[in-house]
Amino acid sequence: MKILVGYVPTPEGEAALTAAAAEAELRGASVLLLNTSRGDAYIDARYANEEELAAAQARLRDRGVEVNIQQAVGTGDVAGELLKAAAAEDVTLIVLGLRRRSPVGKLILGSTAQRVLLESPVPVLAVKAPSRHE
């Protein structure tokens with residue numbers, strides 16, 4: 001079994017990583033960590049650097065979870081990259097982090113999350129980062 005986690009170095013990405021690690025432990029699965037940039041800027045804070053990827057990898061390995069890391073550069077289609085990786089790697093679950101939204105923003109999901117939820121051939125676990133008050 002393999003779990004795909006869409007990882008970005010943000011609180012939402014960290015929440016997704018934590019959830020993916022817990023699911024991998026529960027299911028005896030490995031994790032495919034996919035980090036990609038939108039390609040709409042020269043510098044993208046969502047594109048993890050080596051240190052951030054090493055820390056994420058260490059967190060998973062410390063829990064006894066096998067991990068493989070992939071990075072996709074500048075395609076502009078984050079949802080497409082996630083769906084493509086899910087199909088190519090034959091994953092059984094996709095884990096995504098969701099941003100907190102305002103009351104009006106709750107009417108719609110982010111376009112990446114919405115597309116993955118609607119088009120994924122496998123279950124999708126969407127998690128939120130803990131609020132600053134928790």
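This is a guided tour of the structure above, stop by stop, with something to select at each one.

**Before you start**

The model is predicted, so local features need pLDDT of at least 70 and side-chain atom pairs count only at pLDDT 80 or more, while totals for chains, interfaces and linings use all residues. Residues are numbered from 1 along each chain as its sequence is written, and side-chain values use heavy atoms, with hydrogens and water left out.

**Stop 1: the whole chain**

Colour the protein chain by secondary structure. You will find four helices and five strands, where helices (H or I, at least four residues) and strands (E, at least two) are DSSP runs numbered from the N terminus. Followed from the N terminus, the elements run β-α-β-α-β-α-β-α-β.

Of the 134 residues, 41% count as buried. Here buried means under 20% relative accessible area, exposed over 50%, and partly exposed in between (1.4 Å probe, protein chains only).

**Stop 2: the sheet**

The five strands form an open sheet in the order β3-β2-β1-β4-β5, with parallel pairing; two strands pair if DSSP finds at least two bridges between them. Which strands stand at the edges? They are β3 (67–72) and β5 (124–128), each with a single partner strand, so one side of each has no neighbour in the sheet. The twist averages 20° from one strand to the next. For angles, axes are lines fitted to C-alpha atoms, for helices over the stretch in contact, and values run from 0 to 180 degrees between N-to-C directions.

Zoom in on β2 and β3, which pair in the parallel sense over six bridges.

**Stop 3**

Bring the helices back. α2 lies across β2 and β3, running at about 155° to β3. Helix α4 (residues 111–119) lies across β4 and β5, at about 155° to β4.

**Stop 4: the nonpolar cores**

Select Val-5, Leu-33 and Val-95. Of the 23 residues in the largest nonpolar core, these touch the most other members. A nonpolar core is a set of buried Ala, Val, Leu, Ile, Met, Phe, Trp, Tyr and Cys residues joined through side-chain atoms within 4.5 Å. β1 (2–6), α1 (11–27), β2 (30–36), α2 (50–62) and β4 (93–98) each supply at least two residues of this core, and α1 gives the largest share, seven residues.

Stay on Val-5 and show its contacts (heavy atoms within 4.5 Å). Not counting residues up to four places away in sequence, Val-5 touches Ala-16, Leu-17, Ala-20, Val-31, Leu-32, Leu-33, Leu-34 and Val-95. A second, separate core has 16 residues, including Leu-4, Leu-32, Leu-34 and Ala-85.

**Stop 5: two single residues**

Select Ser-30 in strand β2. Is Ser-30 buried or exposed? Ser-30 is buried, with a relative accessible area of 15%. Leaving aside neighbours within four places in sequence, Ser-30 is in contact with Met-1, Lys-2, Ile-3 and Glu-66.

Next, jump to Asp-90 in the loop between α3 (78–88) and β4. Phi of Asp-90 is near 55°, a positive value in a residue other than glycine. Most residues other than glycine have a negative phi. At 61% relative accessibility, Asp-90 counts as exposed.

**Stop 6: salt bridges**

Display charged side chains. The structure holds seven salt bridges, each a side-chain nitrogen of Lys or Arg within 4 Å of a carboxyl oxygen of Asp or Glu.

- Glu-25 and Arg-63 meet at 2.6 Å, N to O. Glu-25 lies in helix α1 and Arg-63 in the loop between α2 and β3, so the pair ties together parts 38 residues apart in sequence.
- Asp-77 and Arg-115 have their closest N and O atoms 2.6 Å apart. Asp-77 is in the loop between β3 and α3, and Arg-115 is in helix α4.
- Lys-84 and Glu-81 have their closest N and O atoms 3.6 Å apart. Lys-84 is exposed at 52% relative accessible area, whereas Glu-81 is buried at 12%.

To finish, select Asp-77, Arg-115 and Glu-119 together: salt bridges that share partners join them into one network.
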